[in-house]
Amino acid sequence: MKRFCLHKYVQVLFHISLGILVCQCSLNSNSMQKSLKSDADQIKVIDTHEHQHWPEEFGDVHMGFYHVIYTGYLMHDLVSAGSSWMDIEILDSLCMDAKWELFGKSLNYCRAGSYYGHFIKGFQKLYDFDDLYFTPSNIPALSRQIEKNYSDYRSWFDTAFHKAGFELMFLDQYWRPFNTDLDPRYFALVFHINPLVMQISQRPAAGEEPPSLYDQAKAAGFVIKSLDDYLKFCEHLFEKNIAAKTVCVKNSLAYSRTLYFEDVPYAEANRLFQKDSNHLSQQEAKKLQDFMFHWIIQKSIHNDLPIQIHTGYLAGNGNTLENGKPVRLNNLFLKYHDVKFVLFHGGYPWTGEYAALGKMFPNVYLDLVWLPQISRQEAVQTLEEILDGVPYNKLFWGGDCSLIEESTGSLEFGKDIVSEVLSRRISRGLLTEDVAIDILQRIFRENAIEVFKLEEKLGRKFKVE
Ligand SMILES: [Zn+2]
C-alpha cells in the first residue's frame, strides 16, 4: 500500500512537472513569436506582388465597407457560403440593413476562415478597429470611416501604405496589361504577359473585333499579318516595359490553360499562325501559346528579367484546379537554367511538389504570396517544409490584393505566420533568434532587393536605411 502511494505520488509529481514544462515552452514560444512579430514590424517591406487599383477603376461608386469586401477575396467565400454576385454599383442603392440582409449570414459563416482573418486584420491595423468580428452594429461606423478616407484616396493610400510598413509593391496590372505608367513612389512595374501568350491564337479575321493586343499594335503603328509581325510587336512591348523599369515578367496563365508548355519549333508555330484562328483546334491553339511562352522565356533571359508564375489554387468560384499543378512546369526548369522562375502561392494544394521544385532547381524561387490568406494552417505547414528543404535566400512574400486595407491585412497575417513558424523552431532548438531575424528580413525585404536586382533596375538605393 505504502509502495503504491509512493508510486502514485511520483507519477503525479511527474505530470505536474511535465505540465509546467509544456506551459513554459508554449509561453516562451508565444513571447518569442510576439518579439519576432515586432522585429518584422521594423522591416520596410518589399511586397513582390500586388494588384492595387485606384477606386475609380471599379466604376463610379461610393466606396464603403461592402464595396471593399466586394473587391477582395472574402467575397469569394461569401459566394461559396451562399451569397450571390451582383453589380458593384447596386451596392450604392442599398441601405446598411439591406446589405447585411444580403451578406450577413454568409459573412458569419466565414468567421473561422483565413480570407476573413486577413481581411479584418487590415482594419485592426489601419482603422483602430478592435472587434474580432464584423457585426451589424460595428459595420456602419467602419463604413463611414472608409467613405471618408476614400473621398481622398490618394492621400489615404499614402498614409496607409506607410503605416502598414510597405516600402515598395510590385504591381501586376492584369486588368490593363499594356499600361506602363505608375507611381514609382509606391510601385515597381511587372510585365503581365498573358495577352501575348493567349492572343497569338486569336488573330482576328477581316471584319472581326480585334482582341486587345491587336488594338494596341494598330495604335502603335504595327501591322500584324505574320508570326514575325506578331513577334516584332511583342519585342516592342518588351522594350516599352523595360523602358518603364519593369522588374519582372508575370505569367498567370493557369487561370486560362494548363501550365505545361511544350517546346514547339518556330516552323510549326509559323504554319499554325497562318491558319485562320477560328479554325485552329484546341491542340493547335495550345501549341501556338506554348511556342509563345518559350519565346518570352528567351526574351526574359536576354533582358535579365525573372519570371513570376501563378501555381496552384485559382481565385474566384469556378475554374480548372488541375491547370495550376506546379510540376507541369518541370520541363521548363530542365531546359532554361539562365532565368529565375518564381513560383507563387505555395502551389496550394500541391505544396509538397512546390517545395521540392524550389529545393531541386537553383533557379526556382518560392513566393509565399497569397498562401497565408488561402489557408493559414497550410501556410504554416508549407513554410515549415520549405525551411527544412529550401535555402531561405530563395523566398519572398507578396500580398496579391486590390486595395490597401486588404494588402495591409495580408502583411499582418503573413508576418504573424512567419513569426509563428520561426518561434516554434527556436523553441524546438532548431534555430537561434539571430538567424530567425535574418530569415524575416530576407523574406520580407532583402531577397527581393537582391534577386530582382532592384537597385540596378530602379536606379535607387534600398540598402541604407
Ligand atoms: Zn495575383
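1. Two residues count as in contact if their C-beta atoms, placed from the backbone, lie within 7 Å.

2. Some ground rules before going on. This is a predicted model, in which local features need pLDDT of at least 70 and side-chain atom pairs count only at pLDDT 80 or more, while totals for chains, interfaces and linings use all residues. Residues are numbered from 1 along each chain as its sequence is written. Helices (H or I, at least four residues) and strands (E, at least two) are DSSP runs, numbered from the N terminus.

3. Back to the pair of helices. Helix 14 (residues 351-360) packs against helix 16 at about 25 degrees, and their axes are 10 Å apart. Axes are lines fitted to C-alpha atoms, for helices over the stretch in contact, and angles run from 0 to 180 degrees between N-to-C directions. Helix 14 and helix 16 are therefore roughly parallel; angles under 35 degrees count as roughly parallel, over 145 as roughly antiparallel, 65 to 115 as roughly perpendicular and the rest as oblique. The crossing of helix 14 past helix 16 is right-handed. A crossing is left-handed if the near helix is turned anticlockwise from the far one by less than a right angle, and right-handed if clockwise.

4. The peptide bond from Y348 to P349 is cis, with omega near 5 degrees. P349 sits in the loop between strand 6 (341-344) and helix 14. Most residues other than glycine have a negative phi, and most peptide bonds are trans.

5. Positive phi values also turn up. K245 is not a glycine, yet its phi is positive, about 65 degrees; K245 belongs to the loop between helix 10 (227-243) and strand 4 (248-251). D400, also not a glycine, has a positive phi near 70 degrees, and lies in the loop between strand 8 (395-396) and helix 17. Are these two residues buried or exposed? K245 is partly exposed, with 16 C-beta neighbours inside 10 Å, whereas D400 has 24 and is buried. The cut-offs are 20 or more other C-beta atoms within 10 Å for buried, 12 or fewer for exposed, and in between for partly exposed, with C-beta atoms placed from the backbone.

6. Now please find helix 5. Of its 13 residues, 10 are buried, so helix 5 is largely enclosed by the rest of the structure. Among the buried ones are Y115, Y116, F119, I120 and K121. Which helices do they pack against? The buried residues of helix 5 pack against helix 3 (74-81), helix 6 (139-150), helix 7 (153-164), helix 15 (371-374), helix 16 (376-389) and helix 17 (404-427). After helix 5 comes D128, whose phi is positive, near 50 degrees.

7. Two of those partners also meet each other. The axes of helix 7 and helix 17 come within 10 Å and cross at roughly 0 degrees, and therefore these helices are roughly parallel. F157, A160, F161 and A164 of helix 7 make the contact with I404, T408 and L411 of helix 17. By class, that contact has six nonpolar, one polar and no charged residues.

8. For another geometry, turn to helix 11 (residues 266-274) and helix 12 (residues 282-302), whose axes come within 10 Å and cross at roughly 130 degrees. That angle makes helix 11 oblique to helix 12, and the crossing is left-handed. E268, A269, L272 and F273 of helix 11 face E284, K287, L288 and F291 of helix 12 in this contact, with five nonpolar, no polar and three charged residues.

9. N270 is found in helix 11 and is partly exposed, with 14 other C-beta atoms within 10 Å. E235 lies in helix 10 and counts as exposed, with 12 C-beta neighbours inside 10 Å. The C-alpha atoms of E235 and I296 are 9.3 Å apart, although 61 residues separate them along the chain.

Note on methods. Nonpolar A, V, L, I, M, F, W, Y, C, P; charged D, E, K, R; others polar.
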